[in-house]
Amino acid sequence: MELTPDNFEPLDFANLINTKLCVLVKFSASWCGPCKSKEFKENYNRLKTKYASQSSIIKFIELDIDEFEDLIQDKEYYDLDVESIPYFKLAYKGSWAKNYKGTTCIGDIDNALHQIVKKYHHDKEQASNETEN
């Protein structure tokens, strides 16, 4: 299910965070100059493309802070605490693991996602080997 301003419920968002191994939430706004920069958009789109084959374990969510103001302000389910935009929050195994600020953090996010994917496949392979033995 894709979150839209018309259909979102804070509980749906909380469930999504809890059911996916990894969720990367990008916070931006239509009026944000850095969010609209060509370089930032290209870098972010490359990141999404790079991990598209890992969609079973990584979910990308993009939220406009004006359109999703109710979700961002809701402290009952998750205190999102968006400090600036663009802003990213990485959830891992149902908990917020790391926050990233600005347009230059894509490389750091890539490194974190790479480690998560690597660990997931290593753990999966190890579990498979243990089953065979």
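Buried means under 20% relative accessible area, exposed means over 50%, and partly exposed lies in between, using a 1.4 Å probe and protein chains only. Keep that in mind, please.

Two notes on the source. This is a predicted model, where local features need pLDDT of at least 70, side-chain atom pairs count only at pLDDT 80 or more, and totals for chains, interfaces and linings use all residues. Residues are numbered from 1 along each chain as its sequence is written, and side-chain values use heavy atoms, with hydrogens and water left out.

Let's start with Ser28. Is Ser28 buried or exposed? Its relative accessible area is 14%, so Ser28 is buried. Ser28 belongs to strand S1, residues 22-28. What does Ser28 touch, leaving aside neighbours within four places in sequence? The contacts are Cys35, Leu63, Asp64, Ile65 and Ile85. Contact means heavy atoms within 4.5 Å.

A disulfide is a covalent bond between the sulfur atoms of two cysteines. The rule used here asks for a pair of cysteine sulfur atoms within 2.5 Å. How many disulfides does this rule give? The count is 1. Cys32 and Cys35 form a disulfide, with sulfur atoms 2.4 Å apart. The torsion about their S-S bond is about 75°, so this disulfide is right-handed. Cys32 is buried at 4% relative accessibility. Cys35 is buried too, at 6%.

Now two other cysteines. Cys22 has a relative accessible area of 0%, so Cys22 is buried. Cys105 is buried as well, at 4%.

On to the sheet. It is open, with 4 strands in the order S2-S1-S3-S4 and mixed pairing. Why do S2 and S4 stand at the edges? Strand S2 (58-64) and strand S4 (95-101) each have a single partner strand, so one side of each has no neighbour in the sheet. On average, neighbouring strands are turned by 20° against each other, direction ignored. Two strands pair if DSSP finds at least two bridges between them. S1 and strand S3, residues 87-92, pair in the antiparallel sense over 6 bridges. Cys22 has Tyr92 in S3 as its bridge partner.

Last, a helix. Helix H3, residues 38-50, lies across S1, S2 and S3, and runs at about 150° to S2. Axes are lines fitted to C-alpha atoms, for helices over the stretch in contact, and angles run from 0 to 180 degrees between N-to-C directions.
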